Amino acid sequence: MKFVVLTIFPEMFAPFWDHGIIRRAIEKEKIFASTLNIRDFADNRHQVTDDRTYGGGSGMVMKPEPLAAAIRAAEQEMPSAHKVLLTPQGRVFNQKIAHELALYKNLVLVCGRYEGVDERINSELIDDEISIGDYVLTGGELAAMVIIDAVTRQLPGTLGGEDAAKKDSFADGLLEHAHYTRPQVFEDEAVPDILLSGHHEEIENWRLESALMRTLMKRADLLQKKDLNPKEIEILEKWSRRIEDILKSYHRAHGEHREGAEKKS
Ligand code: 4F9
């Protein structure tokens, strides 16, 4: 997969290309990464890429001519490329969109700066608008890195285990289960016995319960919209029965009569 980033700050990307999984993906030619400096496409003598906003106000706007020329240069090189503008007005990035973008052969990531880009950089030049969240950055560069990072680790052969990305948090709509490594006891807290038992099936069941529990506690919204499988339903119902038993015992002990608490069926 090929990424071309259009930016006025290409130097920001050098350390990004140079570390960890991204660096290894480049070395193994799983991805090809480059930048085009938008400033190089400004034909004015001082290579200015911004200008004052029509209508007045303090903010500066990215001029359309250099940006359009840079996008067209990238397109010339890769006619099939999917061209993405990073903007708070885009669809909000998530794991599903990372999957979707990983299917393209070539991605062009356009980074705006200042208050935004001239409105005439529109759908003729841009295929897709993506936001990485509801906040304003000083430019699209960090958003482009977030997207390149999340997309790269979806590509086969970029992570340690061949199917490591399939086991990800979010891959199945749940948060990650708890993880432990050595030492076996850390500050009086031991690793759960089951993980040392070597019983693979029981370990898998424990991990599913752990993932469900963490999702329920930290991100109930994810559980609410998840398409639960029979195993997951069984675990949630087991917990539900346990909680009901606890409450029943409590109410019995305290002789309380909750108004309308009787079963309706
Ligand atoms: C881009 C913010 C993507 C969030 C681009 C200023 C941006 C952004 N997600 N903010 N320029």
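Student: What makes Y135, L137 and L142 a nonpolar patch?

Tutor: Y135, L137 and L142 together have about 270 Å² of accessible area on the surface, where areas come from the Shrake-Rupley method with a 1.4 Å probe and, for residues, only the protein chains shown count as cover. A patch takes residues with over 30% relative accessible area and no salt bridge, joining like charges within 9 Å and nonpolar side chains (Val, Leu, Ile, Met, Phe, Trp, Tyr) within 5 Å; a salt bridge is a side-chain nitrogen of Lys or Arg within 4 Å of a carboxyl oxygen of Asp or Glu. As for the basis, this is a predicted model, in which local features need pLDDT of at least 70 and side-chain atom pairs count only at pLDDT 80 or more, while totals for chains, interfaces and linings use all residues. Residues are numbered from 1 along each chain as its sequence is written, and side-chain values use heavy atoms, with hydrogens and water left out.

Student: Why is L137 called partly exposed?

Tutor: Buried means under 20% relative accessible area, exposed over 50%, and partly exposed in between (1.4 Å probe, protein chains only); L137 has 32%, so L137 is partly exposed. L137 is found in the loop between β7 (128-131) and α5 (141-152), helices (H or I, at least four residues) and strands (E, at least two) being DSSP runs numbered from the N terminus.

Student: Which polar backbone atom lies 3.0 Å from a nitrogen atom of the ligand?

Tutor: That atom belongs to L137, and a polar backbone atom of I132 is 2.9 Å from a nitrogen atom of the ligand. The protein covers 95% of the 290 Å² of accessible area that the ligand has on its own.

Student: Why is A211 called buried?

Tutor: A211 has a relative accessible area of 7%, and therefore counts as buried. A211 lies in helix α6 (residues 200-218) and, leaving aside neighbours within four places in sequence, is in contact (heavy atoms within 4.5 Å) with L174, L175, E176 and H177.

Student: Is E232 buried or exposed, and what is the value behind the label?

Tutor: E232 is buried, because its relative accessible area is 4%. E232 has its place in helix α8 (residues 230-254), and its side chain reaches the backbone nitrogen of N229 at 2.8 Å. Beyond neighbours within four places in sequence, the residues in contact with E232 are L174, L208, L212, K226 and D227.

Definitions and conventions
Polar contact = N/O pair within 3.5 Å; in protein donor to acceptor, adjacent residues only side chain to side chain.
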